[in-house]
Every structure is written in C-alpha cells, then in structure tokens.
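Work through the following exercises with the model open beside the text.

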Amino acid sequence: MRRLDASLCSVNTATLGFRAPLEDTVEAVARAGFGAIAPWRREIEGRDVARLARHIRAAGLSVSGYCRSADIPAATAADFAAGLETNRRAIEAAAELGATAFILVVGGLPGDSRDLAAARAQVREGIAILAEQARACGVRLALEPLHPMYAADRACLNTLAQALDLCAALEPAPAGPPVLGVAVDVYHVWWDPLLAEGIARAGAERRLLAFHVCDWRRPTRDMLNDRAMMGDGVIDIRAIRSQVEAAGFGGFVETEIFSVLDWWRRPPEEVLATCRQRLETVV
Ligand code: ZN
C-alpha cells in the first residue's frame, strides 16, 4: 500500500460546499498541497473551459474526475435526448480538462415511474451511446454505484457488481484500456458484503478509475448531505484503500464530503487542512 501524502490526493470541490468560484477553490487546493482537484459541471458549464483548464494546470493540479452526469432515465424521449446532449457536452469538457474520467451518476426513477427495470434499461442504452462519444474524445467514463438509499432519486446503479456487469456487457473485450470503468466511493459501497470481490474484479478488468473517500456518520442526519470527515465515522477506509491499491489502483485518493451541517460551515482552509491531516493518518 502506498504511503499517502497530499500530492497523491485530490479534493472534490463539493467538499468545500461550492461557496467560491472555481478559480479560488483551485488556488486554495493547490496551496494546501494537494495534487489534484475534481470539479463539477455547475462550476464549468457556460464558462471558458479551455481557460479554466489552463488555470488548473498552471496551479500544478491534475483533474482526478469531472462530476457528474445528467440523469439518464427519463419519462419522455425528448427528456432522454436532452440528458444525453448535456452529457455529450460534459464529455467534451472532460476532454478539455484532461480529467481522468467523467463520473456517471446515472439517475433514478424518472417522473412518477415505479419501473426500476425500465430505468436500468435506459441507463444501459444511454451509456452505450455515450461510450461511443467518449471513445472518440479519449475520455473514460466512471460508473459510480450509489448506496441503494438513492435508487429512487439519484442512481439506480447500486452495487459494484452491477456496475461491472454493465461495463462488461457494453464493452466485453476492450483492445486497449477500457472506456468504461467504475468509481469506488467508500460512502456508497462500504456496506456491500461482495465489496472485496468487486474491487478485485474491477482491478483485474482494468476498470478502477476513481476512488472517493469520506466517512459514514452514525447516526446519519441527512441522507445526502451528512457525510463525515475521514476518521469520524464507521468505515474502515484504510482496509478499502488497501484492497483498491492491491487491485492496481494508482490514481488520486479523492476526498468528497457533502456536509451541510458541519464542514460546509467551516472556513475552506480549515476543511482542507483537516482533509490533508486525515488522508495522511487514517485513510
Ligand atoms: Zn463519489
């Protein structure tokens, strides 16, 4: 297992609560000694992407991932097409940013649907289309399985095995590095009894594209925005990192903390310093 220092780590900009323009966040993350950053579409769309990419590079940062896709399942054909179009533009931006991967959080049940199987079929159809464009742009797509509590409203892709099965079905025997891979976020997968097998399989199939860390607070007060700082919860993050690295992952360890009740209320410098200290001691 690697000896982790900040230069091997990334900060997902959500961790700072989107309180400042991306340029300021880039400066703060670089000043804190991190090696990479993971921006969101909300910080990039409608802006001069080439200029932002230069700014990030000039600060000495890599882009560990670009977050995140628009929902794929849709209630109408027009909405389905609109989602794909948003994702196509995002893949172009990911290429311009030099992102390791574009992160796919695939979406849940559209409208008032109760048909989970149909939503999952739309996800498969949509990713098949996006994979073609990603291949042409030289961008890799990281399917991020989300904790099943989000199946209705955020992602009907809920386990690592499910994500890997989908990758294998859509891209069965890639000649070079696969376009499709997975993002392993400890918050979403730590509970999975098949996690170790899933990580080993992802490594063997060369699909480990991103590794996200935070912690699971007990009790959790908000399903979405109450992630804990690494070390303040119940996840054995180091055990999972050791599995991910044993499977061949050598990318950035990315901190991603949504915390409306706690960390988003603290000064960015304090958040970044704490992330760094925890990454170097408990992750
Ligand atoms: Zn994540």
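The exercises below treat the metal site, the sheet, a helix, a loop residue, the cysteines and the backbone.

The model is a predicted one, in which local features need pLDDT of at least 70 and side-chain atom pairs count only at pLDDT 80 or more, while totals for chains, interfaces and linings use all residues. Residues are numbered from 1 along each chain as its sequence is written, and side-chain values use heavy atoms, with hydrogens and water left out.

**Exercise 1. The zinc site**

Identify which residues coordinate the zinc ion, and decide what arrangement the angles between the donor atoms give.

Step 1: Donors are N, O and S atoms within 2.8 Å of the metal (3.2 Å for Na, K and Ca), and since water is not among the atoms, sites may look incomplete. Glu-144 (OE), Asp-185 (OD), His-212 (ND1) and Glu-256 (OE) coordinate the zinc ion at 2.0 to 2.2 Å.

Step 2: Four donors count as tetrahedral if all angles lie between 85 and 135 degrees; four count as square planar and six as octahedral if opposite donors are over 155 degrees apart and all others between 65 and 115; anything else is irregular. The four donor atoms around the zinc ion subtend angles of 84 to 158°, and the arrangement is therefore irregular.

Step 3: Along the sequence, the spacing of the donor residues is E-x40-D-x26-H-x43-E. Distant parts of the chain are linked by the pair Glu-144, in the loop between β5 (141-143) and α6 (160-170), and His-212, in strand β7 (residues 208-213), which are 68 residues apart; helices (H or I, at least four residues) and strands (E, at least two) are DSSP runs, numbered from the N terminus.

Step 4: Both Glu-144 and His-212 are buried, where buried means under 20% relative accessible area, exposed over 50%, and partly exposed in between (1.4 Å probe, protein chains only).

**Exercise 2. The sheet**

Step 1: Two strands pair if DSSP finds at least two bridges between them.

Step 2: Strand β6 (residues 180-185) is largely enclosed by the rest of the structure, because six of its six residues are buried. Three bridges join β6 to β5 in parallel, and Leu-141 stands opposite Leu-180 in β6.

Step 3: The β-α-β crossover that leads from β5 through α6 to β6 is right-handed, meaning that, with the strands pointing away from the viewer, the path from the first strand over the helix to the second runs clockwise. With β7, β6 pairs in the parallel sense over four bridges, and Ala-183 stands opposite Ala-210 in β7.

**Exercise 3. Cysteines and backbone**

Find how many disulfides the structure holds, and where the peptide bond from Arg-218 to Pro-219 stands in omega.

Step 1: A disulfide is a pair of cysteine sulfur atoms within 2.5 Å, and the structure holds zero of them. For Cys-9, the nearest cysteine sulfur is that of Cys-275, 9.5 Å away, and Cys-9 is buried at 0% relative accessibility.

Step 2: The peptide bond from Arg-218 to Pro-219 is cis, with omega near 0°, and Pro-219 lies in the loop between β7 and α9 (237-246).
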